Amino acid sequence: MTLKIIGLPQDNNSSFMMGPALGPDKIKEALICGSSNMFSENGLDLGSEGIWEDAGNLNLKNLKGQAAFSKIRSAILDLLQNGDHLIGLGGDHSVSWPTIDAHSEIYPSLNILHFDAHPDLYDSLLGNRYSHASPFARLMESGKLQRLVQVGIRTLNKHQKEQAENFGVEIYEMSDLSKVNKITFEGPVFCSIDLDVLDPAFAPGVSHFEPGGMSTRFLLDFLRAFKGRLVGADIVELNPRRDFHNLTAMVGAKILKELISRIFITHYS
Ligand code: MN
Ligand code: MN
């Protein structure tokens, strides 16, 4: 029973450009690269034994569509059934569908806290119902989730607004950011972080630049302070091909450190 970090290197459901399959290794490299120390901001030493384990990257080579999703779902479910908690590293955002679906099997009434520039609620995009622009539509159709709360959205179009209304999604757009401190959760929370929620000035290594985003500092403070029992998380959409000097990989690693700290302190200390 440990906190495991698992890489999910898949990007073939990306609608605009490839590259996020290279993300998991870059975030893990940044975490241990030596340019920063291994302490989280609240003083947990992530370099000491037994805090977290690297579960490696799931081998998704040559797997597409349902075959890849099934493999992700069953690998995640195996870890959860073993009593582990985990943080997934994408990969494009399509990997969150099987990851969260597996969590909802173990945690009834699961809440999702989703940070993203995009609502990812398309019924399908470019003919793909499993696009990285659709995972939260698939999840909400399952009816297994208690709540989906989206923060940082700034690309809501007519179709996705209708989808959000039909599914009862709670959306805090970037222009509503002053209201997010009201968000509290009853029961377990899975946190899904698409790095494009951050302003491209902070996180340029993503496929879809959407200016007007959140600061890294705001996200870190929110992750530390929000009221709810965090049981798992993922960090997705790092595209190393767009990054400068591994800057966005470092941002991903910083977020990872704070998530590890919060999950460890909640469940293992
Ligand atoms: Mn996304
Ligand atoms: Mn996005």
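Welcome! Strand β7, residues 184-194, is mostly covered, with eight of its 11 residues buried (buried means under 20% relative accessible area, exposed over 50% and partly exposed in between, using a 1.4 Å probe and protein chains only). This is a predicted model, where local features need pLDDT of at least 70 and side-chain atom pairs count only at pLDDT 80 or more, while totals for chains, interfaces and linings use all residues. Residues are numbered from 1 along each chain as its sequence is written, chains are lettered from A and ligands numbered from 1 in the order in which they are written, and side-chain values use heavy atoms, leaving out hydrogens and water.

**Around strand β7**

- Helices (H or I, at least four residues) and strands (E, at least two) are DSSP runs, numbered from the N terminus.
- Strand β4 (residues 110-115) runs parallel to β7, joined by five bridges; strands pair if DSSP finds at least two bridges between them.
- Strand β8 (residues 227-236) also runs parallel to β7, with eight bridges.
- Cys191 is the partner of Leu113 in β7, and Cys191 has Ala233 as its bridge partner in β8.
- A right-handed β-α-β unit is made by β7, helix α6 (residues 216-225) and β8; right-handed means that, with the strands pointing away from the viewer, the path from the first strand over the helix to the second runs clockwise.

**The manganese site**

- His118 is buried at 17% relative accessible area, and Asp196 is buried at 3%.
- The manganese ions, ligand 2 and ligand 1, are 3.3 Å apart, and Asp116 coordinates both.

**Pockets**

- The second largest pocket has a volume of about 160 Å³; a pocket is an open set of points on a 1 Å grid over the protein atoms alone, where a 1.4 Å probe fits, with protein on both sides within 12 Å along at least five of seven lines.
- Grid points are joined across faces, edges and corners, and a volume is the space filled by probe spheres set on the points.
- Of the 14 residues lining the second largest pocket (an atom within 4 Å of a point), the closest to its centre are His118, Asp120, His132, Ala133 and His208.
- The largest pocket holds about 200 Å³ of space, and its lining residues include Pro9, Asp11 and Lys64.

Notes
Donors are N, O and S atoms within 2.8 Å of the metal (3.2 Å for Na, K and Ca); water is not among the atoms, so sites may look incomplete.
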